[in-house]
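Please consider the structure shown below. The paragraphs that follow lead through its surface, its helix packing and its charged pairs.

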Amino acid sequence: GLHLSWRESRSRTFAVVAVPLVESLLPAALALVLRGLVNATVDGAGTWSVETYGLMCFVLSCGLALTQSTQLYLTQSNTEALNHRIAVDIVAHAETLDFARFEQPDFQDMLRQVRRTPGHHAHEMVAKCVRSFALLLTVGSLLAILAAIEPRLLLFLLPLAVPYLWYRSWVARRRYEVQFAQNRSRRWIDYFTRHATNAEVLPEVRALDLVPFYLDQMGGRLRRIRSENLRSFRLEFGGTAAFNTLAVFFIHIALFAAADRAVDGDLTPGDIAVFAGAATGLRGSLDSFVAGMGSLRWHLAHLEALRAFFTLTPDRTVAYQPDADAPTVATAGPSVGAVAAAPPLVIRDLRFQYPAARYPVLDGLSLVVEQGETVGHVGRNGSGKSTIVKLVNGFYTPDAGRIEVGGVDLRE
């Protein structure tokens, strides 16, 4: 993700990295300033005047709001640029792959996955990495404040965050696997929707009364997808609710302990105010950090699929088996007159079997199409009509036999 973003715009990528880091330091600075403001207001014990603390709070709050607005702009602009760049790269790489691969359902599932907002995942991969590091800075600064006031809170929250981190990462990976497995159903849903709403094929669809069939097929697939997604949502909700409830419980235990110390005179009112704010901020920061790590796992899975697509190379999975009885073609090739005199298209004893098929779709096919002749192919689905056209156009290589145009084998 960082490589893709850096290749597209170095200055924007630098801003994407720098702005969250600056923002991460502002909450702790704001908490310290608020502590000084409370102490200065209550007993005049602050280092500066109330007006100075108020101005500092205003400046820091404005800075926090500005960094958040800037991050939104950077996210939108960087995602848009990456979507355009990766879309072009996908088309350019697809052009290098053999045609046979595009007819494989697994490849179609992969292609649908990598085409779904790839720029968003590339940007979020960078943003989540930076945001996670920034949140670590925030958590570290807040922990330092809390440790100076009531260190026992750390004994509760930190052990709670470790299993929560593992759980959110597991849920994110599971969600991706579920979504990837849904690609085939979603492709069928797109197919049914397109045919039921496309003006070019709608007359035939309505004439054959296919819309009820489409609705039935779509309904079953959508119900299954919804059920699978709801299970993932419930898993995520359960873990988040459990962590936040326990975190709030432990924070209040520590807050009551700090209040007792304030009654005894060990802590000031400003200490209690900053402890309450920092503890709440720590819980939110820990939750955001763990959620960000889970989201990071989610975007990483998408980029792994994108990387797997770009590493694909042309692979002629259907091996050509030469026909020993076929006549040989001279190395120098036929003369212009011979090509002109020969029949334009000759198919001899053609045999072809798809890699995953149990039987050949064509076996022993011979056909001669004279110059200027029109030939129509009629047959049931799967009888090989489209396969003949693909073989003649060179999209596939036959297992046996020859295809000649003007007396020249297509393989020549």
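In this predicted model, a nonpolar patch on the surface is formed by Leu25, Phe133, Leu136 and Leu137, whose accessible area together is about 360 Å². Helix H6, which spans residues 118-149, gives the most to this patch, with three residues. Phe133 has its place in helix H6 and is partly exposed, its relative accessible area being 46%.

Helix H5 (residues 105-114) presents another setting. Seven of its 10 residues are buried, so H5 is largely enclosed by the rest of the structure. The buried residues are Phe107, Asp109, Met110, Leu111, Arg112, Gln113 and Val114. They pack against helix H3 (50-95), helix H4 (99-102), H6, H7, helix H8 (183-197) and helix H11 (269-310). With helix H7 (residues 152-181), the axis of H5 comes within 10 Å and crosses at roughly 120 degrees; the two helices are therefore oblique to each other. Asp109, Met110 and Gln113 of H5 make this contact with Tyr176, Gln179 and Phe180 of H7.

The whole structure contains 14 salt bridges. In one of them, Arg112 pairs with Asp190, with the closest N and O atoms 3.4 Å apart. This pair links distant parts of the chain, since Arg112 belongs to helix H5 and Asp190 to helix H8, 78 residues apart. Arg112 counts as buried because its relative accessibility is 18%, under the 20% limit, whereas Asp190, at 36%, counts as partly exposed. A further salt bridge joins the side chains of Arg173 and Glu304 (3.7 Å, N to O). Here Arg173 in helix H7 and Glu304 in helix H11 are 131 residues apart. Both are partly exposed, Arg173 with a relative accessible area of 25% and Glu304 with one of 31%.

The strands hold a charged pair as well. The side chains of Glu404 and Arg348 meet in a salt bridge (3.3 Å, N to O). Glu404 lies in strand S3 and Arg348 in strand S1 (residues 345-352), so the pair ties together parts 56 residues apart in sequence. Glu404 counts as buried at 7% relative accessibility, while Arg348 is partly exposed at 38%.

Strand S3 (residues 400-405) also contains Ile403, which counts as buried at 2% relative accessibility. Beyond residues up to four places away in sequence, Ile403 touches Leu345, Val346, Ile347, Leu350, Leu391, Val392, Val408, Asp409 and Leu410. The C-alpha atoms of Ile403 and Val368, 35 residues apart along the chain, are separated by 10.0 Å.

Technical notes:
Residues numbered from 1 in each chain as written. Predicted model: local features only at pLDDT ≥ 70, side-chain atom pairs only at ≥ 80, totals over all residues. Heavy atoms only, no water. Patch = residues over 30% accessible without salt bridge, like charges linked within 9 Å, V, L, I, M, F, W, Y side chains within 5 Å. Areas by Shrake-Rupley, 256 points an atom, 1.4 Å probe, with all protein chains shown as cover. Salt bridge = Lys/Arg side-chain N within 4 Å of Asp/Glu carboxyl O. Helix = DSSP H or I, 4+ residues; strand = E, 2+ residues; numbered from the N terminus. Buried < 20%, exposed > 50% of the residue type's maximum accessible area, 1.4 Å probe, protein only. Axes fitted to C-alpha atoms, helices over the stretch in contact; angles between N-to-C directions. Parallel < 35°, antiparallel > 145°, perpendicular 65-115°, else oblique. Contact = heavy atoms within 4.5 Å.
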